[in-house]
Amino acid sequence: MAPTPRESRPPVEPYKVKVVESIRLPSIEEREAALRRSGYNLFQLRSDEVYIDLLTDSGTSAMSDRQWAGLMVGDESYAGSRNFTHFEETVRGITGFPHVIPAHQGRAAENLLFSLLARPGTTIPNNMHFDTTKAHIERNGAKAVNLAIDEAYDLASLHPFKGNVDVPRLRRLLTEATPGEVPVVMVTLTNNTGGGQPVSLANLTEVREVCRAAGVPLYFDMCRWAENAFFIREREPAFASTSIREIGRTMFDLAEGATMSAKKDGLVNIGGFVATRDGALAARLKEQLILFEGFPTYGGLARRDLEAASIGLQEACELDYLTHRVGQVRYLAALLEAEGIPFVHPPGGHGIYLDVRRFLPNLPAVDLPGQALVVELYREGAVRTVEVGAVMFGDDASDGHAPLELVRLAIPRRVYSSAHLAYVADVVRRVWERRSSITGVRMVEAPERLRHFLARFAPLAAASGPVAGAPAS
Ligand code: F0G
């Protein structure tokens, strides 16, 4: 589908700039040196070695003047801080969940919840588990199962809700499970691992019915719930004129609770929570919280950060903000589409996911083509992206293959201009044009869990460019 002229026009920012942070394009020699030093793992780069940082949309948002002002009214009391009261009211207001347990980020919330619910012999389904979610479930001895619909794996499918759960498979899993075997069903909004794809309200409603019939609580991973609600508004006709908050409430009414990394749709640099309707579980979560995070009115955070999160959580519900946010993703998509560059369609809420198998069809999975591509994007223009493929998830399969082989260009919120995105599109195009000469990488060092953060790689051959001095395979 060729982009319309309207789609390829950059969206107008619903804000103006008050503070700037300089960035600089490192020279090619500096980039080559940085690649060698980092073991070809972009997580190991220093930020001043990066020009445009699309590694993640998490904790990288620009805060508003109102949020910065919020930092100044931080009440740093250990117990009973008024910033916690504001945070609790905000989360209750958005979700309707009465019990709000703050945590310093999403995986801390996951640790709290799964250390209570996940046990050896239990199974926790999700549309697709994010890497930290899966790791926390497995750390507690349980099995993490992905149940997204088949279209989630068909990168060209234009299904409007590719984050949807495969309801018949969920029903089968719950019917065949022994009592207590499935302690909770999770749904991730939006499905980050599958391309930032949304879940429809129709699907959530069916999932909830299946869970209710089986007596299993439904929890959301609500990291990007506002982006999910934006897509519901756009693609489910019944909600075309419903506010994001109201759509959110309709979503949350279906669930028993949620975990959230406020570093995404909370527009803050740190923060998260677990929220639930279950008072008994909340009491146990608070005990865990005191052990691992801190007192229940700060949860491992400075109270000023809770204030910034309260304001950010509300700003993320604004339609102008979301229209621009998703508009930026679509703008980059339109520029790439015009060059015939393959990526996951339709573009999701927080970034573009390049389709690595079509970008580098000659590289077999063992040559880690996704990692090779992130290295080349950095080498070409100091653009930092992340592999979501064999390196991140291939340790699941005996043959090292991951179901999806993607490179994510995550767009931080309110940070980059359209000119930055046009630069990124140009870098991707230049790598695309020399794709036939790109060779793979191999992993030379890897920790047991979450290996993509710390692994080291070596290029397979010097043919991929001027990598003088790089370790040979
Ligand atoms: N769940 C989802 C869907 C996520 O995308 C993330 C983080 C987490 C949980 C964990 O939250 O980072 O605050 O501990 N995603 C980031 C990313 C890291 O780059 O997609 P966290």
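Guide: A salt bridge here is a side-chain nitrogen of Lys or Arg within 4 Å of a carboxyl oxygen of Asp or Glu. The model is predicted.

Visitor: How many salt bridges does the rule find across the interface of domain 1 and domain 2?

Guide: The chain is divided into domain 1 (5–50 + 321–459) and domain 2 (65–315). Across the interface of these two domains, the rule finds salt bridges numbering six.

Visitor: How many residues does the contact take from domain 1 and from domain 2?

Guide: The C-alpha centres of domain 1 and domain 2 lie 26 Å apart. The contact between them takes 31 residues from domain 1 and, from domain 2, 38 residues.

Visitor: Which residues of domain 1 lose the most area to domain 2?

Guide: Domain 1 and domain 2 bury about 2,800 Å² between them. Of that area, 61% is on carbon and sulfur atoms. Three residues of domain 1 together make up 20% of what that side buries: Leu-322, Leu-404 and Arg-413.

Visitor: Why do the buried residues of α2 line one face of the helix?

Guide: Helix α2 (residues 65–72) has Gln-67, Gly-70 and Leu-71 buried. Seen down the axis of α2, they line one face because their directions fall within an arc of 105°.

Visitor: Which exposed residues does the face of α2 turned away from its buried side carry?

Guide: On the buried side, what covers the residues of α2 includes α11 (303–315). The face turned away carries two exposed residues: Trp-68 and Met-72.

Visitor: Is Asp-265 buried or exposed, and is Arg-413 buried or exposed?

Guide: Asp-265 forms a salt bridge with Arg-413, with the closest N and O atoms 3.3 Å apart. The pair links distant parts of the chain, 148 residues apart. Asp-265 is in the loop between β7 and β8, and Arg-413 is in the loop between β12 (406–410) and α16 (418–433). Both residues are buried.

Visitor: What is the N to O distance where the side chains of Arg-414 and Glu-315 meet?

Guide: Arg-414 and Glu-315 meet through their side chains in a salt bridge. Its N to O distance is 3.0 Å.

Visitor: Which residues do salt bridges that share partners join into one network?

Guide: Glu-380 forms a salt bridge with Arg-434, the closest N and O atoms being 3.0 Å apart. Glu-380 lies in helix α14 (residues 369–381) and Arg-434 in the loop between α16 and β13 (441–445), so the pair ties together parts 54 residues apart in sequence. Shared partners give one network of Glu-32, Glu-376, Arg-379, Glu-380, Asp-426, Arg-429, Arg-430, Glu-433 and Arg-434.

Visitor: How many residues apart do Lys-134 and Glu-138 lie in helix α5?

Guide: The side chains of Lys-134 and Glu-138 meet in a salt bridge (3.6 Å, N to O). Lys-134 counts as buried at 13% relative accessibility, whereas Glu-138 is partly exposed at 33%. Both lie in helix α5 (residues 131–139), about one turn of the helix apart, a spacing in residues of four.

Visitor: What is omega of the peptide bond from His-345 to Pro-346?

Guide: Pro-346 has its place in the loop between α12 (319–337) and β9 (351–355). The bond from His-345 to Pro-346 is cis, with omega near -15°.

Visitor: Where is Thr-190 found?

Guide: A cis peptide bond joins Leu-189 and Thr-190, with omega about -15°. Thr-190 is found in the loop between β5 (185–188) and α7 (201–214).

Visitor: What is the relative accessible area of Leu-267?

Guide: Leu-267 is found in the loop between β7 (257–261) and β8 (272–276). Phi of Leu-267 is near 55°, a positive value in a residue other than glycine. Leu-267 is buried, and its relative accessible area is 0%.

Key
Residues are numbered from 1 along each chain as its sequence is written. This is a predicted model: local features need pLDDT of at least 70, side-chain atom pairs count only at pLDDT 80 or more; totals for chains, interfaces and linings use all residues. Side-chain values use heavy atoms; hydrogens and water are left out. Buried means under 20% relative accessible area, exposed over 50%, partly exposed in between (1.4 Å probe, protein chains only). The arc is that of the directions from the helix axis to the C-beta atoms. Contact means heavy atoms within 4.5 Å. Domain bounds come from an automatic or database domain assignment. Buried area is the accessible area (1.4 Å probe) that two parts lose on being put together, summed over both.
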